[in-house]
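The points are numbered and may be read in any order.

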Amino acid sequence: MRASPCSTLICLQIRNFTKIQDPVFQRNFVFPWFGLDIGGTLVKLVYFEPKDITAEEEEEEVENLKSIRKYLTSNVAYGSTGIRDVHLELRDLTLCGRKGNLHFIRFPTHDMPAFIQMGSEKHFSSLHTTLCATGGGAYKFEQDFRTMGDLELCKLDELDCLIKGVLYIDSVGFNGHSECYYFENPTDAERCQKLPFNLENPYPLLLVNIGSGVSILAVYSKDNYKRVTGTSLGGGTFFGLCCLLTGCSTFEEALEMASHGDSTKVDKLVRDIYGGDYERFGLPGWAVASSFGNMMSKEKRESVSKEDLARATLITITNNIGSIARMCALNENINRVVFVGNFLRINTISMRLLAYALDYWSKGQLKALFLEHEGYFGAVGALLGLLDSA
Amino acid sequence: IPPDSLPGVSLPSLGGSLTKLAYYSTVQHKVARVRSFDHSGKDIDNEPLYEISVQEEITARLHFIKFENTYIETCLDFIKDHLVNTETKVIKATGGGAYKFKDLIEKKLGLKVDKEDVMTCLIKGCNFVLRNIPHEVFAYQKDSDTEFRFQTNHPNIFPYLLVNIGSGVSIVKVESEDKFEWIGGSSIGGGTFWGLGALLTKTKKFDELLQLASKGQHTNVDMLVKDVYGGAYQTLGLSGNLIASSFGKSTTADKEFSKEDMAKSLLHMISNDIGQLACLHAKLHNLDKIYFGGFFIRGHPVTMRTITYSINFFSKGEVQALFLRHEGYLGAIGAFLKGAEQDNPNQYSWGENYAGSSGLMSTSPDVSPLQRTRSGTFDMLEMDRLERPLVNLPLLKDPSTYIPDTVDLTDDAMARKYWLTCFEEALDGVAKRAAASQPDSVDAQERAEKFRQKYWNKLQTLRQQPFAYGTLTVRSLLDTREHCLNEFSFPDPYSKVKQKENGIALKCFQSVIESLDSLDWEERQFALVKGLLAGNVFDWGAKAVSDVLESEPQFGFEEAKSKLQGKGRSLLEGPPHKCALIFADNSGIDIILGVFPFVRELLSRGTEVILACNSGPALNDVTYSESLIVTERIAAMDPVIHSALRDEKLLLVQTGSSSPCLDLRYVGKAPLCGLCASAAGWSEVWLWSVAVLWPCSGHAVAALTALCCSRLDQGLAVLVRERQTDLVVIEGMGRAIHTNYYAVLRCESLKLAVIKNSWLADRLGGKIFSVIFKYEVPCK
């Protein structure tokens, strides 16, 4: 839908830098290949590690490049906050004629200055590459990259990148497995199981990206999509409220707490108000009538645990996203809803709840789908943006 | 709480935290009656024209009061104390609390609790207020001159979306009186704001949380688009100030956030979320009107503002967020109506009683912090029952765009200031006259003082919050005064004045007719119009006039004519009209020497005349029953009037109103009752006050009643159609200037009045005692 003037621009730049002739261009596309997605909370970095480097190439490879490769591929953690999601690594991928592995790395956005600093120290700029970046941070940190890192960012639209990334990763699969999956029997805790889903004919689909906030896109073809709406109640809200309510300091900690809590102590359920189901409107007694509704009472505030509060926060945010997604699906007349974004990382509770809620409230009309690489599609899209132009 | 009896069912609606009690009572109050003497063989000249008596009358009134749930026992005690009708076996209750408090209620009251569905009640209540209370609906605009934009009632209220924000959120699509559908909901609602807010800020009360929120900066807690992008997200046109992630900045354990900031962030989060869902539902169902209700909204400017913002944002201006003045009572009203169903509530209309109702913002802690702490009840609404349903005047060109009031004082600050001052200045005089009107009553002085105080307080409330009772207009100020007078048993302070003036004017009638008859046609036409206008000078409601009348008791018709500025003109050229409908104004000279000669001229030309007078007293306006007596007397002197009455060419009807102003929207559909419904009056429901209903047996004007009886089954609307009314004459400042000045009718119309107020004259570009003579012919 949206032409990316930036990709053509970057292509020209790269040609100038590398002075490579067309026929062999692809093989000699300048390394390193990065895709960067700088979100509100997390920076997602995908790195393509070429595995088909010839001896000749190896010899020519500048020291900088080598050390970057070594640093990234031999570690699983970088500094105190950078993490490589080893389990997501895509092996033996062919990209732009090169074979290699795709690595998925993340670190908090507030460490962005340190990242730029590091790039500067490692003389990244001397590699004469241009970094393709997407997400809001591509705009926010553009100036810092320029002044501190002597690097010119190529900014790519985050929604373009997101869709490109989703379609690409789904098409290459997850090391022989399906990238896309769903939950069978989501309404039955016992029989609920994760099963692969074939997304070969993906259109139309509703793509719900849950990062700090939420964006909802209706995708009709690979380059025809629109942003339907968004909500500020996203992963950042869950984490932010959990920090305030429980004093936790990491997303993992918040999720861990949530997994041990009981939200029904915090929330007011339909049965708490009506003594059972609210039959007039077909509302089941177990449905949440008022999130945090029980917390209006002082006694109940004093009797809940931090775990209960974390759980309630998670349930509240998740249900709300499910509800908005369902309404958008109805308005757009789409019945497949793909949920992505880092909110879903290690967050089975939310995924099952989304699957359940969509199924239940739509009476089986809507299907919730998930992707293994949750929050990395924007970064993948940025990497593809770099290579597409070739 | 007025010490009323509770003969009918009483129905509390128990919401999450507030108990709303609706109960029906009959109210005893005084009404003024006039009765014709039997004059046979007596010297009419030395007797008063008719007898005035004050009688007790019983009318139905609906009361709505609120209690905090913690006061539930007090509330039940209150019901018990007032439950005088032992036949009552069942109490209707709705809301979640109906389940929770069922046992308590049954034990305490010894009544069976009949649980009514919450949403059914809510929607019944909503339809009820939408139909019965003008200016019920408003849009909220924080940054405009008038925060509250009241909407004109549209004759067709369906379909609409009702979003009720209580502890949770319910979204209901209402398609007709009985058809509605729960189309969605959300658990993120008022309970989330309250519960989560209490956890975050350690502030226990909802109102306090709102106050915190109104002082906070959400940008300290929320992650904005510009925090992510450094500026706007331009490709999508998302402004940098939009919230990207609510509480996105609090994702750290080592920073403190202020209570205010967190509360504000929470408020935005919840309001935006609700607005978004509401818009998604509105879009799916193709609706553009969304009414918001529930305790989260309940007159709180803070939440109305954020919800309005959210709806504008998410619908891109295509959907309007609307609020209801009485939304807090919807459930209770609905539960009540449910209980009254066998009574067929559709045969009634109801009007808000301004004297007994507290205004829109009375629950806001900012406005009256004391009011809440004083007792368990802090907000009330009273509605009076009118015994028949109402329809539009068939002659209105476009009822959906008709706005009776000429000036919106909520909008026009200068006019508002003037009129409020004007009413304040006149208040002492009104109170004095009220007291003087009941010389035999020992407590008249005391009641008059209470009236003065009450009305004064209302005026002060309106100075602070002009929007308290809907759009503020001269009409609503006048009506509020009438309601307050009635409240303190001054049903008709001008009854004696009117009696005297009617008597005096009647004595002059024949000489006026003789002098008119001596004129040639053209001169007579001018004289008639001049007479109409001169008569209209006699208005005790206008301070300039009442001053003259108080100081110059001899001031007469001729003097009035000489005071008139400018000239009238004749409209009785061309072929005669089929039927003229005349809305009369004042008693005495106005009706007798002004209107009647004009009526007589119309009748002589072969035009039938429907003379419409107020049902109940207002100032010195002629009432329907007075008009019957006056007409009877004139008929005895004048053969033209006499035969017209006999042949039903002259019909007397009542407007149903007790206001000096006139709202043409609400016209009686069916006759009031057997005897007195000479022709099913019309009525404006919201002006309707306790004294409007005249009892069937009250009239002793046998001759005239008999004449009118043939019309019993016909409503005025029907009458107007049947007689093919092609001329409407609206007389007086209240009816033709304060209201209806811009009214467009489908037939010829004449609006005439004498401007008896120099400020208004100034505004309209004339002098005091200038004449408004607005003759309009509808374009074909």
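How many of the five residues of strand E22 (residues 727-731) of chain B are buried?

1. The model is a predicted one. In it, five of the five residues of E22(B) are buried, and the strand is mostly covered. Leu727(B), Val729(B) and Glu731(B) point one way from the strand, while Val728(B) and Ile730(B) point the other way.

2. E22(B) has a parallel partner in strand E18 (residues 579-583) of chain B, with four bridges between them. In this pairing Phe583(B) is placed opposite Ile730(B). E22(B) also pairs in the parallel sense with strand E23 (residues 748-754) of chain B, here over five bridges. Leu727(B) faces Glu748(B) in E23(B), and Val728(B) stands opposite Ser749(B) of that strand. E23(B) is itself largely enclosed by the rest of the structure, because six of its seven residues are buried.

3. Elsewhere in chain B, seven strands make up an open sheet of mixed pairing, in the order E7-E6-E14-E13-E8-E9-E10. Its edges are strand E7 (148-150) and strand E10 (180-186), each of which pairs on one side only. On average, neighbouring strands of the sheet are turned by 30° against each other, direction ignored. Helix H8(B) packs on the sheet and touches E8, E9, E10 and strand E13 (289-293) of chain B; its direction makes about 155° with that of E8(B). Within the sheet, strand E8 (residues 160-165) and strand E9 (residues 169-174) of chain B run antiparallel and are joined by six bridges. Tyr160(B) is found opposite Val174(B) in E9(B).

4. Helix H8 of chain A (residues 235-246) deserves attention for its surroundings. The 12 residues of this helix reach 16 Å from first to last C-alpha, close to the 16 Å expected at 1.5 Å a residue. Because 11 of the 12 residues are buried, H8(A) is largely enclosed by the rest of the structure. Among the buried residues are Gly235(A), Phe238(A), Phe239(A), Cys242(A) and Cys243(A). The cover comes from both chains: it includes strand E11 (205-210), helix H9 (251-259) and helix H12 (306-332) of chain A, together with helix H5 (190-201), strand E12 (243-245) and helix H8 (259-284) of chain B. Gly247(A), just after the helix, takes a positive phi of about 75°.

5. Helix H13 (residues 348-361) of chain A has 14 residues and a reach of 20 Å between its first and last C-alpha, close to the 20 Å expected at 1.5 Å a residue. Its buried residues include Met351(A), Leu354(A), Tyr356(A) and Leu358(A). What covers the buried residues of H13(A) includes strand E9 (180-184), E11, H12, strand E16 (336-340) and strand E17 (367-371) of chain A. Lys363(A) follows the helix with a positive phi, near 55°.

6. Ser290(A) counts as buried because its relative accessible area is 0%. Beyond its neighbours within four places in sequence, Ser290(A) is in contact with Asp267(A) and Lys268(A), and with Ser167(B), Gly168(B), Ser187(B), Gly191(B) and Thr192(B).

7. Does the reader find Lys66(A) buried or exposed? Lys66(A), in helix H3 (residues 63-74) of chain A, is buried yet has no salt bridge; Glu63(A), the nearest side chain of opposite charge, is 4.3 Å away. Apart from neighbours within four places in sequence, Lys66(A) is in contact with Glu58(A) and Glu61(A).

8. Over all chains, the structure holds 41 salt bridges. One of them joins Arg298(B) to Glu327(B), with the closest N and O atoms 2.7 Å apart. Arg298(B) lies in the loop between E13 and helix H9 (301-315) of chain B and Glu327(B) in the loop between strand E14 (320-324) and helix H10 (330-339) of chain B, so the pair ties together parts that are 29 residues apart in sequence. Both Arg298(B) and Glu327(B) are buried.

9. A second salt bridge links Lys51(A) with Glu49(A), the closest N and O atoms being 3.3 Å apart. Lys51(A) is exposed at 52% relative accessibility, whereas Glu49(A) is buried at 9%. Finally, Asp85(A), Arg106(A), Glu252(A) and Arg345(A) are linked in a network of salt bridges.

Methods:
Residues numbered from 1 in each chain as written. Chains lettered and ligands numbered in written order. Predicted model: local features only at pLDDT ≥ 70, side-chain atom pairs only at ≥ 80, totals over all residues. Heavy atoms only, no water. Helix = DSSP H or I, 4+ residues; strand = E, 2+ residues; numbered from the N terminus. Expected span 1.5 Å × (residues − 1). Buried < 20%, exposed > 50% of the residue type's maximum accessible area, 1.4 Å probe, protein only. Contact = heavy atoms within 4.5 Å. Pairing = 2+ DSSP bridges. Axes fitted to C-alpha atoms, helices over the stretch in contact; angles between N-to-C directions. Lys, Arg positive; Asp, Glu negative; His and termini not counted. Salt bridge = Lys/Arg side-chain N within 4 Å of Asp/Glu carboxyl O.
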